[in-house]
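Work through each task before reading its solution.

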Amino acid sequence: MEPYKFDVNNYRNLLKKYIASQDETSLYQAEQFSKLSMQHNISPEEIINVHIQALKELYPDLPVEIDSSMNFLLETMISYGLAYQEFQTLREKQGELESEISIAANMQQTLLSTTIPDIVGLDIGAISVPSHQMNGDYYHFVTDESNNLGIAIADVIGKGIPAALAMSMIKYSLDSFPETMRNPSVILENLNRVVEQNVDTSMFITMFYGLFNPETGSLQFSSAGHEPGFYYCADKDQFFEMTTKGLVLGVSDQATYEQFDITMESDDMVVLLTDGVTECRIGERFIDTEEVLEVIRKYMHLPAQEAVELVYRHFERLQDFQLRDDFTLIFLKK
Amino acid sequence: MITKSSVQIRKEWDIVGARQMGRNLAKELGFGTVDQARITTAISELARNIYLYADKGKVAYEKIEDMNKKGLRIVASDQGPGIHDLSKVMEDGFSTSGGLGAGLPGVKRLMDCFDIVSEPGMGTTITTIKWVR
Ligand SMILES: Nc1ncnc2c1ncn2[C@@H]1O[C@H](COP(=O)(O)OP(=O)(O)OP(=O)(O)O)[C@@H](O)[C@H]1O
Ligand SMILES: [Mg+2]
C-alpha cells in the first residue's frame with residue numbers, strides 16, 4: 001500500500017486504523033499525508049471534504065448533525081484555503097524578486113568596479129562589503145597623466161536598491177568630470193549640485209575626496225559630511241583624526257567644501273572608512289574609536305590589501321558574521 | 001439551454017440572498033460540496049463589493065448546460081464609481097482586508113473564468129464561470 005497517496009481510500013484506511021487503536025504510527029502517517037497534500041497544493045477545505053467522505057463510508061449511519069457540522073467546518077475553511085494559495089503565489093513572486101535583485105547586485109558590482117592603481121611609493125588596500133545584496137558604499141580610484149591619485153569614498157544614508165542607484169549616478173558624474181578638474185573641493189561642489197538636482201531630498205550622500213601627489217607625498221582632501229578618516233604619523237606613532245567640515249551632498253546647492261592637506265612621510269598611513277566600520281556594534285554597544293584604531297594597529301604592518309581584509313575579518317567575527325551596515329575600508333600606506 | 005435569474009443587492013442582507021440563490025443553482029447543477037462552498041464565497045465577495053463600493057447593483061446567474069459542459073456563470077454588475085486601477089486591484093495583497101487571499105484575486109482563484117469590465121464613473125461588471133468537474 002502506498003500510504004501517503006492523496007485519495008479517500010488511503011485516508012479512510014488511515015482514519016479507521018487510528019480510531020481503532022489511537023496509535024502514534026497512524027498519526028505519523030497523517031503528518032506525512034498533510035505534508036504531501038501541501039506539496040500538491042491541496043487546500044484545507046479539500047482535506048475536510050476527504051475527511052467527510054471517509055467518515056460517511058466508515059459510518060454509513062453518521063448522525064445528520066455531525067454531517068452538517070462537518071459541512072459547516074468546510075465552509076469555514078474556504079478563506080484559509082485562499083490565504084494559503086495566495087501565500088504560494090507570493091512565495092513564487094518573492095523568489096523572482098530575489099533573483100532579480102541578485103542580478104542587479106552583480107550588475108552594480110560590474111558598474112562600480114574600480115581597480116587599485118599601481119602608484120610608486122604608495123601601498124593601497126581597499127575592501128567594500130555590503131551588509132545586504134546591494135552596496136550603498138562606494139570607493140573609486142583615478143590617476144591622471146602625472147600619476148596623481150584621486151580617491152573617492154562615499155556612503156549613501158539609506159540602504160538597498162535606492163542607495164545603489166544613487167551610487168551609480170555618483171560614479172558616472174565623477175567619470176564625466178574633465179581630467180583637469182582634480183581639486184577635491186571643486187569636485188565635491190560639482191557633485192553636490194548633481195545630487196541636489198537629481199536625488200530625492202530624503203536621500204543623503206556623504207563623501208570624502210582626496211588627491212594624492214606621489215612626488216611630494218601631499219594629500220589634499222575635502223569631505224561632504226563623511227566619516228572622518230585617520231592619519232597615522234609614524235614619527236609620533238600616533239593616529240590623528242582627519243577633521244574636516246562640509247555639508248552632506250544634496251542638501252543645499254550653495255554648499256562649499258573647505259580643502260585640507262597633510263604631507264605623508266615614509267611609513268605614514270591614511271585610513272579612510274565608512275560608518276559601517278566605526279558604527280560596528282557588539283551586541284547593544286557601539287565600539288569606540290580607540291577599539292577601531294587598536295584593531296587597525298594590529299594589522300597595519302602587513303601589506304595594505306592583506307591588512308584591510310584582516311581588519312574586515314576581525315569586525316565580521318565581532319558582529320557574528322552579520323554586518324549591520326555596508327563596510328568599506330581603505331589603507332594608503334607610504 | 002440557459003436559465004437566468006438574479007438578485008438585487010441594496011443592503012447587506014441581500015448578500016445572503018445572493019449566496020442562497022447561488023448555492024441552490026450550484027446544487028442543482030451537481031457541484032460537489034467543496035465547489036459549492038467556493039462558488040458561494042466568490043458570490044459573497046462580489047456582492048459585498050457592490051454593497052460597499054457601488055451602493056447597489058445585482059448578481060445574475062446563468063446555468064450553462066451544454067451537450068458536453070455544465071457550469072454556472074455569475075455576473076455581478078453595478079453603476080457605481082468603477083474601479084480605477086484594475087491591475088492594481090487584481091494584485092495579491094492589495095485588498096483592504098490586508099491580503100488574506102480574499103477580495104477579487106480570491107474570486108479569480110475560486111472560479112474557473114474571471115473577467116472585469118469597469119469604466120470609472122460608469123460602473124463595474126464582473127463575469128465569472130465555474131464548470132462542473
Ligand atoms: N463594484 C465595485 N465598484 C467600485 N469599486 C470596487 C468594486 N469592487 C471593488 N472595488 C475596488 O477595488 C478594491 C479591491 O476590491 P477587493 O474586493 O479585491 O478588496 P477589498 O474589498 O478592498 O477587501 P476585501 O474584499 O478583501 O475585504 C476595493 O477596495 C474597491 O476600491
Ligand atoms: Mg472586497
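**Exercise 1.** Decide whether A:Tyr312 and A:Phe327 are buried or exposed, and find what kind of aromatic pair they form.

Solution. In this predicted model, both A:Tyr312 and A:Phe327 are buried. Their ring centres are 5.2 Å apart and the planes make an angle of 65°. Planes over 60 degrees apart count as edge-to-face, so this pair is edge-to-face. A:Tyr312 belongs to helix H9 (residues 304-318) of chain A, and A:Phe327 to strand S12 (residues 327-333) of chain A; the two are 15 residues apart.

**Exercise 2.** Determine which side chains of strand S4 (residues 113-119) of chain B are buried.

Solution. In a regular strand the side chains alternate between the two faces of the sheet. In S4(B), one face takes B:Phe114, B:Ile116 and B:Ser118, which are buried.

**Exercise 3.** Describe how S4(B) pairs with strand S5 (residues 123-131) of chain B.

Solution. Start with the direction: the pairing is antiparallel, over seven bridges. Next, locate one facing position: B:Asp115 is opposite B:Thr127 in S5(B). Last, examine the hairpin, where three residues separate the strands and B:Gly121 has a positive phi near 85°.

**Exercise 4.** Find the distance from B:Lys69 to the ring centre of B:Trp131, and that from the charged end of A:Lys171 to the ring centre of A:Tyr172.

Solution. B:Lys69 lies over the face of B:Trp131, 4.0 Å from the ring centre. For A:Lys171, the charged end is over the ring of A:Tyr172, at 5.8 Å from its centre.

Notes:
Residues are numbered from 1 along each chain as its sequence is written. Chains are lettered from A and ligands numbered from 1 in the order in which they are written. This is a predicted model: local features need pLDDT of at least 70, side-chain atom pairs count only at pLDDT 80 or more; totals for chains, interfaces and linings use all residues. Side-chain values use heavy atoms; hydrogens and water are left out. Buried means under 20% relative accessible area, exposed over 50%, partly exposed in between (1.4 Å probe, protein chains only). Helices (H or I, at least four residues) and strands (E, at least two) are DSSP runs, numbered from the N terminus. Two strands pair if DSSP finds at least two bridges between them. Rings of Phe, Tyr and Trp (its six-membered ring) pair if their centres lie within 6.5 Å; planes under 30 degrees apart count as stacked, over 60 as edge-to-face and the rest as tilted. A charge sits over a ring if NZ of Lys or CZ of Arg is within 6 Å of the ring centre and within 35 degrees of the ring normal.
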